[in-house]
Amino acid sequence: MQYGGSIMVVSLFGDAPYETLMEDIKKIELVGDEIVEGMKTHHLVLHKEETNIALWIDAKNYLVRKVSIDMSKMIEKQKKLMSGLGKMKMTFAEIHNQIKIGEKIPRKIFVFKPPEGTKKTDYLFASFGGGSEVTALIGREAQDFTLEGLKEDTTIHLADYKGKVIVLDFWTTWCGPCRKEFPVLQKIYNKYKEKDFILIAINSREDRKTVQEFITKKGYTIPVALDTKGKIGKLYEVEAYPTLILIDKEGKIQKVHSGFAMGLKKKLEKDLNTLLAGRPLAEKKLEEPKELSGLERQWTIKEGIVGLAIGDLTGDKKDDLIAVQTGGKICIYNSSGEGFKCIKGPNHVQQIRLTDLNGDGQLEIIGFRTWGSSIFALKSNGETLWEFKKGDGIDDVVPIDVDRDGNQEIAVGFNGFTGLYLLDFDGKIRWKYTRIGNVWHVSGGDLNDDGSIEIVSTSSSGKVHIFDAEGKLLQNHNPGMYTNFVFVGEFISDSKGPEIITAGSTEDEEILVILNGHGKVLWKASLGEALSASPDQVACLSQKGWLAVGTRDGKIYIFDSKGKVIAHAQGLGRRVLVTWIKDKKEGYLLVAGSTNKGLSAYSFTGLKNSTTSAKR
């Protein structure tokens, strides 16, 4: 495996280089002296829980001349979860043979002028596995709760700890980063437990027995609370595990940290020392929503949503809005935002697709959870028709009639090494393609306008893959970026067949690239900062020649068929989902929803002066 940068840079030039390298060390082994690139070195091996790090240290000046990281133990653990790993082994290695010491360095090298548009961060490598976030929670009063404690006949009531610095850790036993974080949190708890401090590990949606076995086996003593229904996680807008929330003595949220990051212990100690001294961490709140440009809000439903689809689910010959709320309900609304009803589907369903599975004229709901293990086919009343369970975690699902027989097949992209599957309308496997991994998005359509249906996907290669109806790989397209999103839709009237709408990242930005069915670039446009501005959903309005794009950093763009931005908005929440619906006046409304800003509908007014155009 090739790696484009230095393995040691992240470790040795982060906030806590020694702590990062030495975290979770089980044993240090001195192998002996060896020659590396003509230099005598001391060969050491650092044995960790999930990796072994071999270092070759220069015997004269003690510089690291070679490093090798063996990932075998980590992969062996993952084999229980990922069926496709087989006999896979992974090792990262690099040699440092051009280190220069003692040379005079010009002072101008240390003069730093931030490039335009960059942001200051207090944590250099926050993007490597986790980091602090500015969210709407920061500066708010922490909401009170009472949960059962892991110890029998105990409860944990947040208000009991008023006047203390509080750390809430939202975690699960199946989460790898959570397991890596727990030993660090135990050290933090041991160090600060005699002070005005409490750490509460809130387990999400697992039973007492599972949690007890994990805690007992590892010997942890951190207080554990059981959020078996996920209500407190929802209250605190938790979207990823682990999530740490730091609360000051006054009961205000000062910091939110998602994921496990190297050097976490030192960073937490710094933050806790600041809070214990009575000083704040939070300097700013999440940016307030900006004025809409070319859009006018018509109505809003405050309940946050995680899934959004459109279709006639009520049988009245009019399109309905179907939204999956953050609480798990699947709710049906008309174009005026009026609710018909809510149904309760299987637990953990977040994303939905609507389709007529067997061609009888009645829409069914296909439900799944990103990185979950099950796909459900549901009747319009929420009754389960079938469940398909497989693989390393579901990334994306799309219904598509590949053989045009009236029955809808289901294309499924999986995380890890399970690959791309096509299911029949009854949930049985028709074919699978396992030569690609991390199939984050999948779509399909008649790309060449020749009557045949193709399936389109992304993968960990960063390319766009085209398959025929039988699962044969036809083509790979490279849109000029690391592609992580794809959708097949039609909004350009003079294009033969539908467009392949792709998005991905370069070193500097997230870009949208529109291809025709043959893979030719029609136009491209910038969406903003790389990774944070990636889209989760797009929506084509062929009647107008418009494309709506919702991004993870809370923005909406509406492009015309030439790639010109004709309306936009920002500050709309996290992970904006979009769709179009016809209103009562026979016009069209753009409906957008997010996890923390609810569901809103917008009419199009257009920009008076738009200078933003796509590149061709």
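**Helix packing and surface in a predicted model**

Q: Which residues in α7 do E181, V184, L185, K187, I188, K191 and Y192 in α4 meet?
A: This is a predicted model, in which local features need pLDDT of at least 70 and side-chain atom pairs count only at pLDDT 80 or more, whereas totals for chains, interfaces and linings use all residues. Residues are numbered from 1 along each chain as its sequence is written, and side-chain values use heavy atoms, without hydrogens and water. Helices are DSSP runs of H or I with at least four residues, strands are runs of E with at least two, both numbered from the N terminus, and contact means heavy atoms within 4.5 Å. The α4 residues meet, in α7, L264, K265, L268, E269, L272, N273 and L276.

Q: At what angle do α4 and α7 pack?
A: Axes are lines fitted to C-alpha atoms over the stretch in contact, and angles run from 0 to 180 degrees between N-to-C directions. For α4 (residues 176–192) and α7 (residues 264–276), the axes lie 10 Å apart, at an angle of about 35°.

Q: Is I105 buried, partly exposed or exposed?
A: I105 lies in the loop between β5 (91–95) and β6 (130–133). Buried means under 20% relative accessible area and exposed over 50%, with partly exposed in between (1.4 Å probe, protein chains only). Because its relative accessible area is 47%, I105 is partly exposed.

Q: What share of the 616 residues in the protein is buried?
A: The protein has seven helices and 41 strands. Of its 616 residues, the buried share is 51%.
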